[in-house]
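This briefing is meant for a reader who is meeting the structure for the first time. Please keep the sequence and the model in view while going through the points below.

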Amino acid sequence: MKGIDLFSDGGQALWTISIAAAASLPCALLGCYLLLRRMSLLGDALSHAVLPGVVIGFWISGSTSSGWIFAAAVVVGLLTAVLIQLLHSVGGVTEDASLGVVFTSMFALGVVMLVKVGPRVDLDVDCVLYGLIESVWLDTQPMLGYEVPRALMSVVGVLMLSLAFIGLFWKELKLVSFDPRLATSMGYPATLVHYLLMGMVALAVVAGFYAVGSVLVIAMLIVPAATGHLLSDRLVGTMGWAAATAIASSILGYFGDLRFETGMAPMMAVVAGAGFTLALLLAPRHGLGSRAFHRFRLALRIVAEDVVAALYRTSETDSAELGLAWRSCLAAGGGGLLARLAVHVLFWRGEIGWVADRRVQLTATGRERAESLVRAHRLWEAYLGENFDLPLDHLHEPAERVEHYLGPALQEQLASELRRADLDPHGKVIPGSKLS
Amino acid sequence: MIPYNTAIVLTGTSLLGATSGLIGTFALLRRRALLGDTLAHAALPGLCLGFLLWHQRSLPVMLGGALATGVAGIGVVSGLRRFTRIKDDAALGIVLSLFFGAGLALLKFIQRHPVGDSPAGLDHYIFGSAAGMIASDVKLIGTIAVTGLLAILLLYKEFRMVSFDAAFARVQGWPASFLDFLIMLLVSVTVIVALPAAGVVLTAAQLVLPAVAARFWTDSLGVMLFLAASFGAVIGATGTLISAGGGVPTGPMIVLAGTALVAVAMLFAPRRGLLARTIADGRARRRIDEQNLLLAIDAPDPTSGGAAVTFDALAARLTQPVGRLRQSLRAAQRAGWLRRVNADSWRLTETGVSRAAAVTRARCLWRLFLTEYPESASLFNDLDVERIDEVLPSEIVAKLEEASHNSAPSHEEKAAP
């Protein structure tokens with residue numbers, strides 16, 4: 001890679017990264033539709049199956065960046081989609097098996113053609129695996145006074161085409177992706193949109209071939225889209241994140257390859273994978289980490305509420321001034337680490353305080369919270385008691401669960417529906433009822 | 001006389017093909033056809049790690065590593081499916097591409113930072129090379145083949161149950177999850193053992209192709225297993241021979257041999273094949289045309305005044321191309337259902353009248369059946385059979401007949417095509 005006088009190393013980096021980014025962006029964007037339509041594996045199949053098309057294109061034109069490759073690949077890609085559909089609907093083979101049959105066959109055909117005609121057109125098996133990214137930037141052509149890599153122009157062309165396709169068919173694609181039946185019944189040509197999308201995916205796959213090779217294109221088709229899907233609930237957001245992932249893996253893939261010498265294409269896949277893993281852990285709504293955190297916070301809140309409710313119930317008895325023993329406090333929270341933590345949080349927030357002799361009592365703020373909770377509990381018991389034919393000893397348990405989810409508004413509504421909103425079925429006073 | 005080496009390789013690939021076909025049948029029936037693909041791709045990093053840590057090309061270590069990451073990949077797929085909003089297909093694709101990408105990265109890293117044994121030939125695992133197979137490899141494959149066969153023979157009933165109706169098996173008290181796991185284990189081991197010959201990218205095809213081809217020929221699991229194993233052996237051997245002669249990798253040639261088998265099966269298989277179905281469809285169409293024609297002639301024609309019906313009147317009654325109408329007229333005349341009165345009009349013969357009555361009755365009863373028992377309609381895929389008495393239980397037919405006498409037979413019903 002040294003001794004190229006046209007460009008400094010910086011130029012190489014710039015061109016290579018631009019080609020990789022422009023090549024993987026269409027994959028990432030169209031991949032979002034595949035993901036939504038649960039057709040990711042069709043993308044997988046296409047990315048394998050366009051190989052014969054690519055080889056034929058090379059064979060006809062003898063160049064790495066000609067329209068022939070794109071044309072042949074689109075034809076082969078559409079043929080693949082049709083064959084999969086045929087084998088499924090006419091042959092009665094299950095969908096996944098028909099996919100497996102068609103794409104492995106096409107790929108095998110491609111490999112055999114590659115081995116047979118490849119040497120004549122300077123294309124080998126390594127290109128299929130690692131893409132051409134490490135060499136295509138050398139093949140340049142003057143453009144507006146600059147020497148621009150030919151490959152960049154073709155991948156930017158595909159990028160423009162994909163953007164135009166998405167822009168023009170935005171509404172149709174969205175409708176077909178989210179609700180194909182509705183789309184059909186509204187008169188949108190769902191099948192036409194499907195095959196257009198397949199054609200575009202085939203184009204994007206060939207573009208991706210430059211960047212990451214035929215097999216790893218699947219990473220660019222699915223992984224950025226899946227990352228976006230974890231990070232956003234809106235199509236635009238999903239696509240934005242997918243594009244960001246694709247660009248980031250192009251940039252980091254280039255430098256990662258410089259550092260570890262793993263080849264740029266596999267490095268791009270690895271970077272995309274790392275991005276996906278991060279999103280999987282940290283995504284605000286759908287991430288595993290944030291979901292675990294939310295569950296933990298909910299568990300902590302419930303335990304803390306159980307503790308203050310227990311303290312409130314003690315304050316209703318004769319031994320009110322004594323408070324509750326520390327140990328019983330923990331037991332009320334179910335014991336264990338979580339209860340300990342919850343009690344500490346309650347201390348820290350000033351909702352409970354020491355009385356004496358390792359005994360605990362509610363403070364004024366704690367009392368407020370406890371009242372609302374016990375009110376919710378007893379209102380629910382009263383509601384169940386009035387409206388359902390349940391024995392008295394069956395009321396406590398559901399109320400114990402529901403009390404944590406009844407806010408003030410629901411409490412008022414319950415109270416207004418009750419004949420007696422001041423006493424619960426066990427004869428205990430419902431707190432706060434005199435105030436309202 | 002076949003040279004010793006070729007004999008070894010041929011034995012290995014056909015044994016491998018037979019095993020893959022056998023195990024692949026269950027993978028196909030359990031709808032796990034593509035899981036094998038993901039597993040094979042996910043095995044690549046394990047292969048490379050095995051080499052990287054051991055510093056030599058020890059097949060057991062590398063295959064052990066492959067099995068480890070392959071199974072880990074499957075674990076990630078089911079984890080993604082269960083715990084995140086990522087769907088099944090995307091999970092398979094994600095694991096496949098990311099593990100494979102990591103594997104390629106490792107592979108290139110090993111090639112550029114050689115340690116220990118020469119890494120040359122490591123990339124043969126990607127597209128497969130059977131030429132290097134030695135006797136010990138064949139022994140390994142043989143062991144797996146025998147184990148697989150024994151497992152299937154011993155647990156045939158259980159596997160069959162789980163393959164066709166896992167929920168029912170569970171309800172019946174079979175350890176369905178364990179059996180499922182056993183099938184998955186057999187699939188994994190087969191895939192891993194097939195890797196050196198068939199290659200990471202195309203191993204899964206060896207599982208799927210023989211089974212898919214076999215499925216076309218039979219509806220019985222036993223026959224399907226036998227066929228799939230034979231097909232697997234045949235494509236393994238054929239692919240190897242062609243690949244040895246033509247200087248192309250073995251994996252793709254085996255797959256293409258399998259593709260040819262699937263294509264032949266899809267075209268020529270009895271009943272499920274395209275040819276057989278086209279013939280059957282044509283036959284059914286002609287029979288329905290004939291029935292429609294009989295009904296149309298049976299209805300008297302007010303314009304001609306008699307029981308004879310003119311061609312134009314028929315064409316008006318039957319909404320079908322004139323050419324097809326001529327065809328069915330000729331056929332019906334040959335069969336003796338109708339008689340030409342003069343150049344342009346026909347009337348039914350006596351047998352034709354009774355056949356028309358039978359058709360009318362059958363259609364009427366079927367229509368009633370569909371309105372009375374709509375939930376059972378899906379049980380019959382050919383509602384137009386005149387053999388209604390053979391298809392439906394006699395007491396139901398009797399009930400339907402009673403119902404049809406109660407509702408006065410209307411004339412439009414008779415004439416409707």
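**Briefing on the model**

In chain B, strand β1(B) and strand β3 (residues 345–348) are joined by two bridges and run antiparallel. The model is a predicted one, and it scores ipTM 0.83 and pTM 0.82.

- The pairing of β1(B) with β3(B) belongs to an open sheet of three strands, whose order is β1-β3-β2 in chain B and whose pairing is antiparallel.
- The edges of this sheet are held by β1 (309–310) and β2 (338–342) of chain B, each of which pairs on one side only.
- Within β3(B), B:Trp346 is the bridge partner of B:Val309.

**The sheet in chain A**

- Chain A also has an open sheet of three strands, in the order β3-β5-β4 and with antiparallel pairing.
- Because β3 (324–325) and β4 (352–354) of chain A stand at the edges with a single partner strand each, one side of each is left without a neighbour in the sheet.
- Two bridges connect β3(A) with strand β5 (residues 359–362) of chain A in the antiparallel sense, and in β5(A) the residue A:Arg359 is the bridge partner of A:Ala325.
- As a general point, the strands of a sheet pair through backbone hydrogen bonds, either parallel or antiparallel.

**Where the two chains touch**

- On the chain B side 46 residues are in contact with 47 residues of chain A.
- Several helices of chain B, namely α2 (33–54), α4 (88–112), α5 (124–127), α10 (203–217) and α12 (250–268), each supply at least two residues of the side that touches chain A.
- The largest share of that side of chain B, 16 residues, is provided by α4(B).
- By residue type, the side of chain B that touches chain A divides into 33 nonpolar, five polar and eight charged residues.
- B:Leu104 lies in helix α4 of chain B and, once its neighbours within four places in sequence are left aside, is in contact with A:Leu129, A:Gly263 and A:Pro266.
- B:Leu104 counts as buried because it has 29 C-beta neighbours inside 10 Å.
- Although B:Leu104 and B:Pro45 are 59 residues apart along the chain, their C-alpha atoms are separated by 7.4 Å.

**Nonpolar cores**

- The largest nonpolar core has 214 residues, of which A:Ile19, A:Ala73, A:Val205, A:Val206, A:Tyr210, B:Ile94 and B:Val208 touch the most other members.
- Helix α11 (residues 190–231) of chain A gives the largest share of this core, with 27 residues.
- A second, separate core consists of 29 residues and includes A:Val307, A:Leu311, A:Ala370 and A:Tyr383.
- Not counting residues up to four places away in sequence, B:Val208 touches A:Ala97, A:Gly100 and A:Val101 in chain A, together with B:Gly24, B:Leu28 and B:Ala33 in chain B.

- Helix α9 (residues 170–178) of chain A has A:Leu173, A:Val176 and A:Ser177 as buried residues.
- Seen down the axis of α9(A), these buried residues fall within an arc of 100 degrees, and therefore they line one face of the helix.
- The exposed residues A:Lys171 and A:Phe178 are carried on the face of α9(A) that is turned away from its buried side.

**Two loop residues with positive phi**

- A:Arg38 is not a glycine, yet it has a positive phi of about 55 degrees; A:Arg38 sits in the loop between α1 (9–36) and α2 (40–49) of chain A.
- A:Arg38 counts as partly exposed because it has 13 C-beta neighbours inside 10 Å.
- A:Glu261, likewise not a glycine, has a positive phi of about 55 degrees and is found in the loop between α12 (235–260) and α13 (264–282) of chain A.
- With 14 other C-beta atoms within 10 Å, A:Glu261 is partly exposed.

**Confidence in chain B**

- Chain B has a mean pLDDT of 84, with 92% of its residues reaching 70 or more.
- Over residues 411–417 of chain B the pLDDT stays under 50, and for these residues the model has ten contacts beyond four places in sequence.

Definitions and conventions: Residues numbered from 1 in each chain as written. Chains lettered and ligands numbered in written order. Predicted model: local features only at pLDDT ≥ 70, side-chain atom pairs only at ≥ 80, totals over all residues. Contact = placed C-beta atoms within 7 Å. Helix = DSSP H or I, 4+ residues; strand = E, 2+ residues; numbered from the N terminus. Nonpolar A, V, L, I, M, F, W, Y, C, P; charged D, E, K, R; others polar. Core = buried A, V, L, I, M, F, W, Y, C linked by C-beta atoms within 7 Å. Buried ≥ 20, exposed ≤ 12 C-beta atoms within 10 Å, placed from the backbone. Arc of directions from axis to C-beta. Pairing = 2+ DSSP bridges. pLDDT = per-residue confidence, 0-100.
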